[in-house]
Amino acid sequence: MLGAVAGRTYAFVGLERAGGIMIYDVTAPSAPAFVDYVSARDFGVADHEASVLGDSAVGDLGPEGLTFIDAAQSPNGAPLLVVGNEVSGTTTVWQVVAR
């Protein structure tokens, strides 16, 4: 998923197996730069415990669908990344801040 924030273009890549989102600045496509990794997964809870405790014990699992909402369309006036997590059945809304 691509999104523009403060004159920069970012690529948001969902890591379906490990969880979380990798963020790259792709403003210059020939020279992409890693920006950040964000995750709402609790890696302190083992996968086998998650099956006993329920997926909510480990947080968001399996980011599947990503949608970028630019600041002009956002309800709070800030750019947002909405992530549908297939395994945990959760939806996460991340506010995007340019770096």
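Six bridges join strand 5 to strand 6 (residues 80–85), and the two run antiparallel. Strands count as a pair if DSSP finds at least two bridges between them.

Before we go on, a word on where this comes from: it's a predicted model, so local features need pLDDT of at least 70, side-chain atom pairs count only at pLDDT 80 or more, and totals for chains, interfaces and linings use all residues. Residues are numbered from 1 along each chain as its sequence is written, and side-chain values use heavy atoms, with hydrogens and water left out.

Which strands form the open sheet, and in what order? Three strands do, in the order 5-6-7, with antiparallel pairing. Strand 5 (63–69) and strand 7 are the edge strands, since each pairs on one side only. On average, neighbouring strands of this sheet are turned by 20 degrees against each other, direction ignored. Those angles come from axes, which are lines fitted to C-alpha atoms (for helices over the stretch in contact), and run from 0 to 180 degrees between N-to-C directions.

Strand 6 and strand 7 are joined by six bridges and run antiparallel. L81 turns up again here: its bridge partner in strand 7 is W94. The hairpin of strand 6 and strand 7 has four residues between the strands, and there G89 takes a positive phi near 70 degrees.

## Strands 1 and 2

Now for another antiparallel pair: four bridges join strand 1 to strand 2. In this pair V5 stands opposite R8 in strand 2. Strand 1 (residues 2–5) has a covered face, made of G3 and V5, and an uncovered one, made of L2 and A4. In a regular strand the side chains alternate between the two faces of the sheet.

Most residues other than glycine have a negative phi. A6 sits in the loop between strand 1 and strand 2, and the hairpin of these strands has two residues between them. Is A6 buried or exposed? A6 is exposed, because its relative accessible area is 68% (over 50% is exposed, under 20% is buried, and in between is partly exposed, using a 1.4 Å probe and protein chains only).

## D25 and its contacts

D25 is in strand 3 (residues 21–25). At 10% relative accessibility, D25 counts as buried. Which side chains does the side chain of D25 contact? One is the side chain of R8, at 2.9 Å, and another is the side chain of T27, at 2.6 Å. Both are polar contacts, meaning pairs of N or O atoms within 3.5 Å; within protein, one must be able to donate a hydrogen and the other to accept it, and residues adjacent in sequence count only if both atoms are side-chain atoms.

## The empty spaces

Rolling a probe the size of a water molecule over the atoms shows where empty space is left. On a 1 Å grid over the protein atoms alone, a cavity is a set of points where a 1.4 Å probe fits but cannot get out, while a pocket is an open set with protein on both sides within 12 Å along at least five of seven lines; lining residues have an atom within 4 Å of a point. Points are joined across faces, edges and corners, and a volume is the space filled by probe spheres set on them.

The largest pocket has a volume of about 190 Å³. Of its 13 lining residues, I23, D36, Q95, V96 and V97 are closest to the centre. Strand 4 gives the largest share of this lining, three residues.

There is one cavity of 30 Å³ or more, and the largest cavity has a volume of about 80 Å³. Among its 13 lining residues, those closest to the centre are G20, A40, D60, N85 and W94. Strand 6 and strand 7 are the elements that give two or more residues to this lining.

A40 lies in the loop between strand 4 and helix 1 (47–53). At 37% relative accessibility, A40 counts as partly exposed. The C-alpha atoms of A40 and G59 are separated by 5.7 Å, although the two are 19 residues apart along the chain.
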